Amino acid sequence: MEHRFQIAISAGLLAALWAGVADVFQLVTWIGFLGCSTFFAQTESGFKGMLMAMTTNLSGVFWGWLIIAGSTFFGSPIISYAITGIVTSIMCLQASHKRLAFIPGAFIGCCITFAMNADIAAIVPPLVIGALLGYSMSLLTEQLITLTKNRQNLSSQVTSVSDNAAKEL
């Protein structure tokens with residue numbers, strides 16, 4: 001990883017910012033970090049990557065809710081198992097749609113829904129913010145890389161000028 005230092009700075013700064021914002025607004029911090037992790041785990045970059053993280057995670061939230069609601073409605077363990085199997089298959093099949101192609105994103109959203117007992121109001125805001133957080137980390141890292149390169153170029157130019165001046169003396 002060539003730019004480990006820049007990644008570390010942007011991740012550390014924005015993770016601290018997210019933790020503070022989540023605390024102030026009483027959002028579930030770990031859900032945001034899972035949304036952020038989804039952004040970095042899938043293969044798209046930039047805005048498309050953020051959308052991929054959001055759509056796959058949110059589809060998983062829906063599927064998790066459907067499993068919980070269906071299992072509660074029918075009240076039978078056997079039917080719950082069947083619903084779980086059918087919905088799991090659908091989560092995999094939905095990947096044939098380009099915007100839903102990252103299967104682990106759906107499973108992450110589904111697992112969050114199970115962990116939060118389908119409390120959709122507590123899940124969606126930090127999950128969406130988490131994808132934005134990942135995108136922001138990516139943008140900040142790019143800016144830090146550019147600043148570092150510009151600084152190195154300037155330093156090289158200054159060294160070159162001083163070397164040339166020393167040769168002339």
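Me: Is Cys-110 buried or exposed in this model?
Reply: The model is a predicted one. In this model, Cys-110 has a relative accessible area of 3%. The cut-off for a buried residue is under 20%. So, with 3%, Cys-110 is buried.

Me: How many disulfides does a search of the whole structure find?
Reply: Take the sulfur of Cys-110 and look for the closest cysteine sulfur. That sulfur is in Cys-111, at 5.8 Å, which is too far for a bond. A disulfide needs two cysteine sulfur atoms within 2.5 Å. Over the whole structure, the number of disulfides found is zero.

Me: Which cysteine holds the sulfur nearest to that of Cys-111?
Reply: Cys-111 takes part in no disulfide. Its relative accessibility is 46%, so Cys-111 counts as partly exposed. The nearest cysteine sulfur is 5.8 Å away and belongs to Cys-110.

Me: In what order do the elements of the protein run from the N terminus on?
Reply: Start with the counts. The protein has zero strands and six helices. Read from the N terminus, the order is α-α-α-α-α-α.

Me: What percentage of the 169 residues of the protein count as buried?
Reply: A residue counts as buried when its relative accessible area is under 20%. Cys-110 gave one example, at 3%. Across the 169 residues of the protein, the buried share is 32%.

Me: Among contacts between residues at least 6 apart in sequence, what percentage join residues at least 24 apart?
Reply: Begin with the contacts in the protein whose residues are at least 6 apart in sequence. Then keep those that join residues at least 24 apart. Their share is 72%.

Me: What accessible area do Leu-17, Val-21, Val-24 and Phe-25 have together?
Reply: These four residues form a nonpolar patch on the surface. One of them, Val-24, is in helix α1, which covers residues 4–24. Val-24 counts as exposed, at 62% relative accessibility. Together, the four residues of the patch have an accessible area of about 410 Å².

Me: Where is Asn-117 found?
Reply: Helix α5 covers 103–115 and helix α6 covers 120–168. Asn-117 is exposed, with a relative accessible area of 62%. Asn-117 is found in the loop between α5 and α6.

Me: What is the phi of Asn-117, which is not a glycine?
Reply: Most residues other than glycine have a negative phi. Asn-117 is not a glycine, yet its phi is positive. The value is about 50 degrees.

Me: Does Ala-118 count as buried or exposed?
Reply: Ala-118 has its place in the loop between α5 and α6. Its phi is positive, near 60 degrees, although Ala-118 is a residue other than glycine. Its relative accessibility is 19%. The cut-off is under 20%, so Ala-118 counts as buried.

Me: Which residue has the backbone oxygen that the side chain of Gln-42 reaches at 2.8 Å?
Reply: Gln-42 lies in the loop between α2 (29–41) and α3 (46–74). Gln-42 is buried, with a relative accessible area of 5%. A polar atom of its side chain lies 3.3 Å from the backbone oxygen of Gly-49. The backbone oxygen reached at 2.8 Å belongs to Phe-39.

Technical notes: Residues are numbered from 1 along each chain as its sequence is written. This is a predicted model: local features need pLDDT of at least 70, side-chain atom pairs count only at pLDDT 80 or more; totals for chains, interfaces and linings use all residues. Side-chain values use heavy atoms; hydrogens and water are left out. Helices (H or I, at least four residues) and strands (E, at least two) are DSSP runs, numbered from the N terminus. Buried means under 20% relative accessible area, exposed over 50%, partly exposed in between (1.4 Å probe, protein chains only). Contact means heavy atoms within 4.5 Å. Patches are made of residues with over 30% relative accessible area and no salt bridge: like charges are joined within 9 Å, nonpolar side chains (Val, Leu, Ile, Met, Phe, Trp, Tyr) within 5 Å. Accessible areas come from the Shrake-Rupley method with a 1.4 Å probe; for residues, only the protein chains shown count as cover. A salt bridge is a side-chain nitrogen of Lys or Arg within 4 Å of a carboxyl oxygen of Asp or Glu. A polar contact is a pair of N or O atoms within 3.5 Å; within protein, one must be able to donate a hydrogen and the other to accept it, and residues adjacent in sequence count only if both atoms are side-chain atoms.
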